[in-house]
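Subject: Structure handover

Hello,

The structure we talked about is below, with the sequence. My notes on what was found in it follow.

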Amino acid sequence: MRPYFEHMDEFGKELKAGRIKRAAESLAKLRETEAAIDSEKKKVEEVGFPTEKINARGWMTVWQRLEYLVDEGSWRPLHTLYNPLDNAEGTTNVIDGLAKIEGRWAVVIGFDNKFMAGAWLPGQSENILRVTDLAMRLNIPLVWLVNCSGAKLPEQEKFYANRRGAGTPFFRHAELEQAGVPVLAGIYGTNPAGGGYQSISPTILLAHKDANIAVGGVGIVSGMAPRGGFDAEMLEEIIAKTKEFTGRPPGNVETHYDHTGFFSHVYEEETGVLDGIKEYMKGIPAYAPEFFRVAEPAAPKFPAEDVYSLLPFNQKEVYDFDQILARLVDGSEHMEFRPDYGPEMYTGLCKIDGMLVGCIGNRQGFLGKGYPEYGDYPGIGGKLYRQGLIKMNEFVTLCGRDRVPMIWFQDTTGIDVGDTAERAELLGLGQSLIYSIQQTEVALMLVVLRKGSAAAHYVLGGPTANRHNAFTLGTAATEIAVMHGETAAVATYARRAVKEKDAGRPLEPIIEKMNELAQRYRDTSDPLYCAQHGFVDEIVNLSDLRSYLQAFAGAVYQNPKSVCPRHQLILPRIIKG
Amino acid sequence: MAQEVLAALSGNIWKVSVEVGDKVEEDDEVFVVEALKMEIPVYAPCDGTISEIKVKKGDAVEEDDVLAVID
């Protein structure tokens, strides 16, 4: 199959001076938004005690542990701004992402020991479940840096219980282990109760000498039976008891190394724990990348920075998707699937670090006279029509058959609507695409380049493809909502406006409400909101997109559960004809 | 030889990106038409010089209307 993949069709062209000039304002807005997002991420990094204070206590921060643990330049953070329950701290108090350790990809997650000694916070379990899903999807190890003081007690009602509450990750760890996905844990500090189960549920436990893990902590061991309330006398008693208590926290290394043997190893130095994880990672099953490479890795022919001049910040401005893709894939080469059919969608085979991926993206702009073929109206990119939906169904099915992971690029306003579109079966074809994705066993990732709207956000490999979607990225131009805010305002208030008008009442209150709703949509669909609420797993600078594509391809091909021999691939043969 | 720049679809002229006398290359943006809630560029069909512009910002245009001429 070398002749198929060594030199695929080149695509893309150099940016013209006119394009660069026209895009200057848009580029500035993209950069400004990226800077604002970066500033929010910085706040999350700095939450809690300063690094110096943690270091003065003889500890490393979670960030320092991560830096020591992961291969240089391989850290791809996810969920940095994820904060679905709007914690004042701006974080769920875990840090996670994809990274290489000793040359092997892993999902890495750690408690931020700078804030409340790594406590459970509202929204954290949802964050952890996303992370365990990711490890399961990519079939790569989950590496924990445990340092967890247990629940933030004053807010326990928000996360302790429920189907996806703070206990659910322990079931997920068991699920991962039963699926053959190891969970490695480096354990630091005091880990009572929830922290204890965070520590005991992984596969291999590597502890620092001062670590302890326990069913319950000092507070519970020395606690008092409830008496229906507190008074001054009782508080004096509590103060006295607390002062008297000098015992060490339960479950230290003497207990769990010498007696129970739960800890596989205990290390004198904090870095020793991380070295231990590195040693275990060397033994993790992983194919050499060459096993699945169909060609030598190659950088795109055009600079990544071009994307800032190609993707308009203005949501109404159209652009050439193929030009963006040419800045992301190896050698700016591809094999396009059915280029003469379904012009609103790009579908094609590309390479990332020499490994085959299927790319799918919305093309933008006027689709040409006579399209869609079933309607007497012009077709516009970003919308989905009959041919594009059929083409994607075919492409996805073939990628599944050939075990080719998929990378989706979304910028969609929705599926064509109206009775003509209904007669063209678009409702059924959209759901067929969901069916097609669901019946595959390959991982996908999604980049919401700009708009994710209506049902098209679901069908185009959206995050709702739970079992398949490894992660979703957003950009500075991302906007995700059921529809545009002004469209929603019209849909909500048009009939009422007619009634008010007919009744001779003033229209200003309606206008005010319409503007309020439109603004609310703007506020709840922008990149920051999308990241905080998990609509995307990370907002990524446009110049960094390829690095995430590389992480995805490297991780998904590291230890796949199912393979298709390259000489038995059918999709490239169909494309070649 | 003169070549006409045509509107590909009905809409309103959102932006006139050139002036008479401007040199353009094939695929340079010469107009932006607002249609279907999007801003859709109209590109030069050939290299040349803009000799005539027949529309102004805000004008409604129909499919195949002549927007400009390139010599």
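A residue counts as buried here if 20 or more other C-beta atoms lie within 10 Å of its own, with C-beta atoms placed from the backbone. By that test, 51% of the 577 residues in chain A are buried. Please keep in mind that this is a predicted model.

Overall form of chain A

Chain A contains 23 helices and 20 strands. Along the principal axes, the C-alpha atoms of chain A fill a box of roughly 85 × 75 × 45 Å. Of the contacts in chain A between residues at least 6 apart in sequence, 77% join residues at least 24 apart.

Domains

The domain assignment divides chain A into domain 1 (47-215 + 250-282), domain 2 (294-478 + 526-576) and domain 3 (483-525). Between the C-alpha centres of domain 2 of chain A and domain 3 of chain A the distance is 34 Å. Four residues from domain 2 of chain A and five residues from domain 3 of chain A make up the contact. On the domain 2 side of chain A, the residues touching domain 3 of chain A are two nonpolar, one polar and one charged.

In soluble globular proteins, nonpolar side chains tend to be buried together. Here the largest nonpolar core has 174 residues, and those with the most contacts inside it are A:Val107, A:Ile277, A:Val357 and A:Phe552. Helix H22 (residues 545-556) of chain A supplies the largest share of this core, eight residues. At least three residues of this core come from each of domain 1 (47-215 + 250-282) and domain 2 (294-478 + 526-576) of chain A.

What does A:Ile277 contact, leaving aside its neighbours within four places in sequence? The residues in contact with A:Ile277 are A:Leu69, A:Ile101, A:Val143, A:Leu184, A:Gly186 and A:Leu206.

Chain A and chain B

Where the two chains meet, 10 residues of chain B are in contact with nine residues of chain A. On the chain B side that touches chain A, strand S5 (residues 38-43) of chain B gives the most, with four residues. By class, that side of chain B has six nonpolar, no polar and four charged residues.

Regards

Notes. Residues numbered from 1 in each chain as written. Chains lettered and ligands numbered in written order. Predicted model: local features only at pLDDT ≥ 70, side-chain atom pairs only at ≥ 80, totals over all residues. Domains from an automatic or database assignment. Contact = placed C-beta atoms within 7 Å. Nonpolar A, V, L, I, M, F, W, Y, C, P; charged D, E, K, R; others polar. Helix = DSSP H or I, 4+ residues; strand = E, 2+ residues; numbered from the N terminus. Buried ≥ 20, exposed ≤ 12 C-beta atoms within 10 Å, placed from the backbone. Core = buried A, V, L, I, M, F, W, Y, C linked by C-beta atoms within 7 Å.
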